[in-house]
Structures are given as C-alpha cells and as structure tokens.
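Please keep the sequence and the structure in view while reading.

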Amino acid sequence: MEKIIFQEEQKSSQVWLTIVLIISLFSVVAPFAYGVYSQEVLDKPFGDKPMSTGALIGVGITATLIIGAVNWLIIKMRIKIKVTNEALWVSYPPLSRWKKITPEMIQRYEIRTYNAVREFGGHGLKKTLKNGTSYTLSGNVGLQLYFVGGKKLLIGTQKKQALEYAMHKLMTGETREGL
C-alpha cells in the first residue's frame with residue numbers, strides 16, 4: 001500500500017487573471033447584446049452589412065460559449081503533486097491526468113529557480129525541445145527531473161523544502177524499508 005509522504009495542490013489565485021477573464025467575456029457579450037438592442041429596440045441596422053437578429057444572437061451565443069469554455073479551463077487549472085513511498089505523481093487538470101514517475105525513471109533531480117517566460121514561453125503546461133516539459137502556474141521555484149533517456153520535466157512548487165525532503169526519501173528508498 002502506498003503511503004503519502006508529500007502532497008501539494010496549486011491553483012492560480014491571481015486577481016489580475018480573474019479581471020482579464022471577466023473583461024474578455026464582457027468584451028464578447030457587449031457588442032452582440034448592443035447589436036440585438038440596436039436592431040430590435042432602436043430599429044436601426046447594426047453594422048455596415050447587418051445580419052439578421054437571429055444570426056446575431058446565434059453568433060453571440062457561440063462566441064460567448066467558446067470564450068466561457070476557455071475561461072473555465074483557465075480557472076480550473078491546477079498542479080497536483082504527490083510523493084508516495086513508491087513514486088512521484090503529478091497532474092495538471094483539466095489538461096492532463098495523473099502521471100506516475102518511479103525512482104527508476106529518474107536519473108537525477110534538483111530543486112531550482114527557473115524563469116518561466118525565458119525557458120518555456122510562460123507559465124502553464126509547456127513543452128520545448130531544449131528545456132523539456134514544464135507544469136507551472138506561478139512563482140519561480142520548481143522540481144527539475146532529469147529522466148533516464150534524456151527527457152526533462154520541471155514541476156513548479158510553493159513548498160520547496162518539503163518536496164525536496166520527500167524526493168530524497170523516495171529516491172534513497174528510505175520510505176520502502178520495512179514494508
């Protein structure tokens with residue numbers, strides 16, 4: 001039975017991101033709502049080549065649903081990290097499922113400072129040829145894994161000392177003794 005040594009869940013709690021998401025949704029809804037108001041209440045065609053009110057409503061609803069879905073994905077993004085006595089588990093829902101990483105897969109690891117923009121093009125679930133894959137949401141400290149075979153994975157953390165301790169326990173096998 002797997003015993004949990006370390007667990008962390010990060011979610012984006014940046015106020016500016018929430019404001020941007022609200023503005024993006026409003027900027028899509030407002031023009032279509034005004035267009036319907038203009039055509040139905042003011043009896044004035046909306047735009048140089050006005051479409052029917054029904055088409056305007058349909059396009060507005062479709063655009064709102066698309067922007068709403070993207071906003072929902074951004075709001076629901078999280079990084080979940082779990083270190084057990086047998087493996088490191090990482091997930092980036094809703095974009096990825098749990099990934100099991102065993103000690104045998106890891107050549108070496110380190111806790112390091114990173115620059116998300118310079119190394120990966122920003123925070124998020126990113127893949128680059130040079131730096132490998134990253135799971136980050138904010139901050140600049142992460143667990144860098146170097147896999148047997150050359151691949152790399154960086155996992156952002158807000159609990160660097162606890163994660164480093166758990167990884168040491170996992171990699172040295174201290175957690176599996178006596179089981």
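This is a predicted model: local features need pLDDT of at least 70, side-chain atom pairs count only at pLDDT 80 or more; totals for chains, interfaces and linings use all residues.

Helices, as the word is used here, are DSSP runs of H or I with at least four residues, and they are numbered from the N terminus.

Y34 has its place in helix α1, which covers residues 15-40. Together with Y37, V41 and L42, Y34 makes a nonpolar surface patch of about 400 Å². Is Y34 itself buried, partly exposed or exposed? With a relative accessible area of 43%, Y34 is partly exposed, because that category lies between the limit of under 20% for buried residues and that of over 50% for exposed ones.

## The four-stranded sheet

Four strands form an open sheet with antiparallel pairing, in the order β1-β2-β3-β4. The edges are taken by β1 and β4 (99-101), each of which has a single partner strand, so one side of each is left without a neighbour in the sheet. Neighbouring strands of this sheet are turned against each other by 15° on average, direction ignored.

Within this sheet, β1 and β2 pair over seven bridges in the antiparallel sense, and E8 finds its bridge partner in I81 of β2. Helix α4 (residues 160-172) lies across β1, β2 and β3 (88-91), where its direction runs at about 40° to β2.

## The five-stranded sheet

A further open sheet is formed by five strands in the order β5-β8-β9-β7-β6, and its pairing is mixed. Here β5 and β6 (124-128) stand at the edges with a single partner strand each, so one side of each lacks a neighbour in the sheet. The twist from one strand to the next averages 15°. Helix α4 packs on this sheet as well, touching β5 and β8, and its direction makes about 170° with that of β5.

How many of the residues of strand β8 (residues 141-147) are buried? The strand is mostly covered, with seven of its seven residues buried.

Seven bridges join β8 to strand β5 (residues 106-113) in an antiparallel arrangement, in which R108 has Y146 of β8 as its bridge partner. Towards strand β9 (residues 152-156), β8 makes five bridges, again running antiparallel, and L143 is partnered by I155 of β9. The hairpin of β8 and β9 has four residues between the strands, and G149 takes a positive phi near 105° there.

## Two salt bridges

Side chains of opposite charge can pair when their charged atoms come close. A search of the whole structure finds two salt bridges. In one of them, the side chains of R78 and E9 meet at 3.1 Å, N to O. This pair links distant parts of the chain, with R78 in strand β2 (residues 78-84) and E9 in strand β1 (residues 4-11), 69 residues apart. R78 counts as buried at 18% relative accessibility, whereas E9 is partly exposed with a relative accessible area of 47%.

In the other, the side chains of R112 and E119 meet at 2.6 Å, N to O, and both R112 and E119 are buried.

Conventions:
Residues are numbered from 1 along each chain as its sequence is written. Side-chain values use heavy atoms; hydrogens and water are left out. Patches are made of residues with over 30% relative accessible area and no salt bridge: like charges are joined within 9 Å, nonpolar side chains (Val, Leu, Ile, Met, Phe, Trp, Tyr) within 5 Å. Accessible areas come from the Shrake-Rupley method with a 1.4 Å probe; for residues, only the protein chains shown count as cover. A salt bridge is a side-chain nitrogen of Lys or Arg within 4 Å of a carboxyl oxygen of Asp or Glu. Helices (H or I, at least four residues) and strands (E, at least two) are DSSP runs, numbered from the N terminus. Buried means under 20% relative accessible area, exposed over 50%, partly exposed in between (1.4 Å probe, protein chains only). Two strands pair if DSSP finds at least two bridges between them. Axes are lines fitted to C-alpha atoms, for helices over the stretch in contact, and angles run from 0 to 180 degrees between N-to-C directions. Contact means heavy atoms within 4.5 Å.
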